[in-house]
Amino acid sequence: MSEAYFRVHPSINFARVGTSAEFYIAPETAAGKVVDKTTGQFGGLPIKKGTENIPIEEADLRDEKNNPLRQAARFRVFAYDQPQQQYPAEDHGREVKVGDTVGGKVIQDIVWQVHLANKKANNYRITSDVDGEKKEEGVVAYEDGKTPPLRNPQIPGSASDANRLRTLVIDAGPRALSVAQGNGGPVPFNASTPASHVNQKGQVESISDYPFSFPDDHFTLYNPRGPIDSLGEMQLEAGTGRLLVTGGYGKASGIITDGAPPELNDAIDNNKWFDDTSDGPVIATIVFNDGSITQAVQGWIVCTDPGFAPQTRNVVSCWDDIYNTWVEQLGLVPEMFANGQYNASYDAAFDEHVQPIFHAALLQRWNTNLPSGGVNGHNFVASIQPGDDPKKKIPNLKSLIRDPNKPEEDEEGVKMPLALGDAMRSFLSLSPTQYFLLMQWYDGKSTESAPALGEGERLDQVALENCLGGRYSPGIDLTFIVRDVHFYEQNWQGKTGPFRVNMQTLDYSKVQSDKPFLSEGYIPLRSAPVEPGDLCKFMSLPWHTDYNSCATHTPDPNKPKGNNTLYWSWPGQRPVNVYPASQCTFDGDKWNLGGQVFSVRGNEGHGTETGYPQQEGRYQCYFDFVENWQKVGFIIQGTQIPAEQGGHYGSDKFLEVASLFETDGQVVEPWPTAVLPGYKAPTDCGPKG
Amino acid sequence: MKTEKLSHRRFIRHGVTLVALLMFSHFSSAECKPQSNWFPHSQTPEPNHQAFASKTNCEFHQWSWQMFLWLTKDVDGKPLFLSMMPPYELLGMSSEGLMPRMQKSDSPESFEEYLQAGTDGIMVDQDGKAVYYSQYLNKDFVQFIQENRLVDPSVVQDFDPDTPFPVGAVELKVSWKVMQPGDYRSDMFVMSGEVNRLENRDGKIVVNPNETETVQLGLVGFHIAGVVKGHPEMIWATFEHKDNAPNVPTPQELSPDTLGPDTVISEKDWTFYKAGTTYRNCNVNLASTNRLTLDEASQTLKPVTQICRQFEFGNVPPDPDTKPDPTIQTNNDNIASLNQGVHQALSTDDVWRNYFEVGAIWFARIDGLKPGMSLENDEILTGSLTLSNATIETYTQNQSTMNNCFRCHNTMQAFTKGDSLDPLPALNLNISHAFQNIYFWSQNTPSRETKDEE
């Protein structure tokens with residue numbers, strides 16, 4: 001037989017927390033890309049459970065008890081006949097299932113194995129101490145052998161200390177499921193379900209003495225949303241044998257000390273707290289009818305924050321950052337970038353490299369308080385077509401878009417994108433690759449369409465396109481580690497393919513019940529491979545505080561002199577201002593847009609209302625968001641919101657539905673708004689002892 | 001048929017109030033005084049824009065005040081500025097009436113200031129009436145547009161980006177309060193005029209371009225922008241009626257307290273402010289919400305906009321703990337001195353002595369205007385660096401991205417809504433929004449005419 005190459009796709013996929021046991025499936029189309037030109041349907045919508053690709057509607061967002069559904073990540077196995085030499089791969093591959101013939105052999109079984117962990121509490125802080133100030137340096141904080149300070153310093157030792165690993169790492173261990181055995185799960189990632197893995201014969205094998213670790217095993221916990229006793233489940237999709245991984249329930253728990261729960265007062269790094277997000281490798285072992293087995297190139301599951309605005313594309317997505325890293329540092333597209341420079345004659349593709357940026361701009365209005373002038377400008381650029389003369393449409397693109405290659409533009413608060421940056425850059429820039437390709441188009445060097453991707457590579461890209469990029473402070477889905485080549489398996493040509501996490505091979509035969517199985521694992525700019533829990537550990541602890549905080553801020557750290565204006569942190573991913581469908585009005589012919597409200601607007605606890613604009617759109621106490629995050633509504637396209645009149649609200653609107661907040665909150669004013677000095681946070685925030 | 005507009009006048013002249021005298025009495029400067037040839041007001045000459053020397057801060061404010069007096073002097077029974085041309089007349093278009101500043105209809109026939117980001121929103125007076133605005137161009141401005149055929153968008157697109165407006169070109173924007181019956185004031189310029197009615201359409205409150213009503217209009221705000229020698233960016237000066245709104249207290253005035261959301265800005269009523277209103281309730285822009293409602297029959301809106309003037313003299317007051325910037329202090333003193341000097345020199349029955357210069361702003365360098373300037377910071381600006389007219393830029397007085405004239409009046413390229421209108425390249429002329437409007441209107445004119453013919 002000829003050799004075949006198997007890969008799990010997407011290379012990295014995202015589950016999202018919810019409070020419902022039910023779930024929908026992660027989107028397999030990209031936000032900001034039109035998937036149906038007839039209806040104007042944009043991508044990014046999650047998929048209804050049990051379907052191939054039917055996008056969810058309003059009624060699918062919450063269960064009958066009004067709990068928001070979790071998002072499951074769906075993985076598939078693809079077979080390729082040729083080793084990969086270039087990107088995109090010439091061989092588009094094909095999805096394979098049990099019973100398919102590949103290279104003359106019949107696939108008898110596919111055994112899926114997933115290992116979930118959460119290492120946040122044993123990791124380094126996101127903020128470094130630089131000259132006495134807390135700074136978010138990103139990957140720079142790990143240069144020259146340095147690291148930021150550790151979280152939870154009250155527990156002594158380094159991040160490799162056995163006690164810290166044992167007590168601070170949540171390790172749910174591995175689970176495995178065989179398609180052929182017919183037990184499709186779900187199999188929970190909790191301590192009461194035996195760990196299992198796929199052995200060298202391609203069989204599911206229990207691990208009886210796996211050293212599970214959940215916070216309540218080691219500490220007396222304050223569990224306002226219930227104990228963190230599971231990181232989710234894995235199960236097989238009925239009829240396809242694909243893998244579905246669901247994650248946690250959005251819990252956060254704190255270590256009780258002297259009878260009291262810990263304070264929750266930092267936007268990112270809260271000692272003595274845990275959450276139930278997680279990540280880990282997704283391994284597929286293919287068993288053939290001749291008894292031979294092969295392991296597909298692994299995928300990776302990340303379980304993270306809810307996606308409250310799944311169709312709003314980030315101007316810089318996680319894909320854009322990853323693609324930039326691979327183009328500039330890992331030789332992904334040598335005809336575009338080689339020997340340290342871009343090829344000035346390289347053709348950009350309008351549909352892939354230009355229009356998504358303009359569409360992202362178009363969509364920002366649905367999550368922000370953009371004034372009409374900004375909305376009009378965005379609508380204008382989104383109307384540009386591939387046949388248009390770029391210079392006629394945008395007389396001076398360079399004066400409009402911030403140049404990522406010019407540090408002096410880091411502090412220009414009027415250039416686009418009009419959002420905040422990261423890693424000591426005040427404002428967001430396109431990635432250098434995005435910027436290069438946009439300028440190639442502007443200079444007349446473009447084609448209408450990019451070469452088609454194989455379905456597996458398309459899924460790789462889409463999953464990442466639907467995630468936040470550009471501002472990893474630390475972010476929502478992944479963070480600055482995507483800019484570190486050590487994070488990836490760099491030898492991508494041949495069997496592996498690009499965008500694969502540099503996975504640590506885990507030998508479950510060495511499990512000891514009295515020893516933590518996982519180690520410190522991956523550290524940015526170091527060579528140690530990546531273990532379960534090594535992706536989410538760089539995110540906020542708990543995620544709730546960062547989400548609550550990241551509405552709008554002044555530029556940081558290099559605030560342009562005199563600038564008191566508030567800009568958005570994550571306008572695509574963390575909606576700040578939304579248009580509720582309930583405020584729209586029908587005029588007999590069409591639905592008209594109503595007013596805006598804050599997405600996070602509850603009055604529980606200390607509530608969200610404030611006289612200080614820099615504090616608007618968030619709970620004044622982090623803990624109030626921990627208790628109420630599940631009430632946040634979702635922003636989806638009007639076509640997905642049924643209406644008695646007109647059938648639905650129209651493809652031209654992206655409206656908030658399924659919010660459980662019982663108030664319209666305070667007035668949303670159009671951008672710009674400005675800081676009012678003198679804010680003092682409440683001193684009696686929860687949790688209370 | 002062209003609608004007659006702003007053709008009626010009503011000058012009501014009575015004695016000036018004690019309040020006005022007190023208001024203008026502080027921060028006076030002995031250095032900056034009105035010139036004797038400005039008076040009497042009926043004979044105020046136009047400033048000699050070509051002879052402008054750019055030597056002192058005072059000179060700019062003197063130009064501002066002289067312009068105000070020249071523009072408001074009585075010529076043939078009405079203030080001079082009312083004989084100037086509104087921008088749309090350059091295109092042969094007629095106006096049905098004055099427009100409020102607001103998010104208007106998306107329909108192409110509406111007159112609209114393009115890319116006035118942040119100034120969405122209707123300003124509602126204490127009677128529930130919208131505040132209305134009008135614009136005027138002087139003959140130098142009009143002649144420049146006409147001679148260069150700048151009502152043709154294709155000419156604009158090929159126009160030399162470095163060419164500025166000529167010395168002497170002037171554009172004006174005036175804000176008007178709709179006076180209630182019996183609300184005639186002796187201390188405000190009031191005239192009869194036509195305003196567009198408002199209506200509820202497409203879920204918004206919009207202007208009905210085809211329906212007007214005649215009302216009494218009181219002048220409450222006055223923008224003057226004009227080119228003098230060395231300043232193609234224009235000097236941007238603004239004036240307000242003395243009773244419009246209270247100033248937000250300075251840190252010194254508040255000390256030992258500090259400004260906060262619950263600070264009461266004034267204990268007395270002003271034209272656009274109700275006594276006791278707190279800072280958090282000042283200048284609240286409801287444009288993004290559904291909380292502003294219009295009763296079409298009475299043409300009244302709810303709720304009222306409470307207006308506070310964020311910065312007296314258009315400058316951030318110094319922190320009590322830091323040494324005042326002498327340049328700013330001089331600027332403020334000069335304005336105060338001129339305000340006092342002019343008021344003293346005008347006859348007691350001159351209604352225009354009830355107006356004051358809030359401030360003026362210009363470039364600190366001579367002939368510094370270039371295409372593509374964003375003017376996002378104060379690097380090359382001087383004068384009143386946070387200048388707003390409380391009745392015109394009500395909602396953007398404090399935000400650094402829009403807190404003075406040049407933040408929006410810059411020379412960047414400009415876009416507009418929809419995909420049918422060509423953007424405006426980065427030109428020195430873009431400093432004028434009247435010019436920008438003319439450019440976009442000129443592309444819209446055919447569709448407007450077609451609609452009108454239907």
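In chain A, helix α3 (residues 350-363) packs against helix α6 (residues 432-442) at an angle of about 100 degrees, the two axes lying 10 Å apart. Angles of 65 to 115 degrees count as roughly perpendicular, and α3(A) is therefore roughly perpendicular to α6(A). On the α3(A) side the contact is formed by A:F350, A:H353, A:V354 and A:I357, and on the α6(A) side by A:Q434, A:L437, A:L438 and A:W441. By class, this contact of α3(A) with α6(A) comprises 6 nonpolar and 2 polar residues, with no charged residues. The model is a predicted one.

Helix α6(A) also packs with helix α2 (residues 318-329) of chain A, here at an angle of about 85 degrees and with the axes 8 Å apart. The arrangement makes α2(A) roughly perpendicular to α6(A). Helix α2(A) contributes A:D320, A:Y323, A:N324, A:V327 and A:E328 to the contact, while α6(A) contributes A:P432, A:T433 and A:Q434. The residues of the contact of α2(A) with α6(A) divide into 3 nonpolar, 3 polar and 2 charged. Residue A:Q434 of α6(A) takes part in the contact with α3(A) and in the contact with α2(A).

The pairing of β16(A) with strand β19 (residues 252-255) of chain A is antiparallel and extends over 2 bridges. Within this sheet, A:Y222 stands opposite A:G254 in β19(A).

Residue A:S278 lies in strand β21 (residues 278-288) of chain A. With 33 other C-beta atoms within 10 Å, A:S278 is buried, because a residue counts as buried when 20 or more other C-beta atoms lie within 10 Å of its own. When neighbours within four places in sequence are left aside, A:S278 is in contact with A:L116, A:A117, A:N118, A:L231, A:G232, A:G247, A:G248, A:C303, A:G533 and A:C536. Between A:S278 and A:T304 the separation is 26 residues in sequence and 7.1 Å in space, C-alpha to C-alpha.

Chain B contains 8 helices and 12 strands. Of its 454 residues, 55% are buried. Among contacts in chain B with a separation of 6 or more, 75% are accounted for by residues 24 or more positions apart.

Several strands of chain B are linked by antiparallel pairing. Strand β6 (residues 190-201) of chain B pairs with strand β7 (residues 204-228) of chain B in the antiparallel sense over 11 bridges, and B:G193 stands opposite B:V215 in β7(B). The hairpin of β6(B) and β7(B) has 2 residues between the strands, and B:D202 in this hairpin takes a positive phi near 55 degrees. Strand β7(B) pairs in turn with β8(B), in the antiparallel sense over 7 bridges. In this pairing B:V228 stands opposite B:H231 in β8(B). The hairpin of β7(B) and β8(B) likewise has 2 residues between the strands, with B:G230 taking a positive phi near 90 degrees.

Strand β8 (residues 231-241) of chain B also pairs with β11(B), antiparallel and over 6 bridges. In β11(B), B:A360 is the bridge partner of B:A237, and B:F356 is the bridge partner of B:E240. For β8(B), 11 of the 11 residues are buried, so the strand is largely enclosed by the rest of the structure. For strand β11 (residues 355-363) of chain B, 9 of the 9 residues are buried, so β11(B) is likewise largely enclosed by the rest of the structure.

Helix α6 (residues 326-345) of chain B should span 28 Å for its 20 residues at 1.5 Å a residue, and this agrees with the 28 Å between its end C-alpha atoms. Of the 20 residues of α6(B), 14 are buried, so the helix is largely enclosed by the rest of the structure.

Between the two chains, 43 residues of chain B are in contact with 45 residues of chain A. The side of chain B that touches chain A consists of 12 nonpolar, 21 polar and 10 charged residues.

Key:
Residues numbered from 1 in each chain as written. Chains lettered and ligands numbered in written order. Predicted model: local features only at pLDDT ≥ 70, side-chain atom pairs only at ≥ 80, totals over all residues. Pairing = 2+ DSSP bridges. Helix = DSSP H or I, 4+ residues; strand = E, 2+ residues; numbered from the N terminus. Axes fitted to C-alpha atoms, helices over the stretch in contact; angles between N-to-C directions. Parallel < 35°, antiparallel > 145°, perpendicular 65-115°, else oblique. Contact = placed C-beta atoms within 7 Å. Nonpolar A, V, L, I, M, F, W, Y, C, P; charged D, E, K, R; others polar. Buried ≥ 20, exposed ≤ 12 C-beta atoms within 10 Å, placed from the backbone. Expected span 1.5 Å × (residues − 1).
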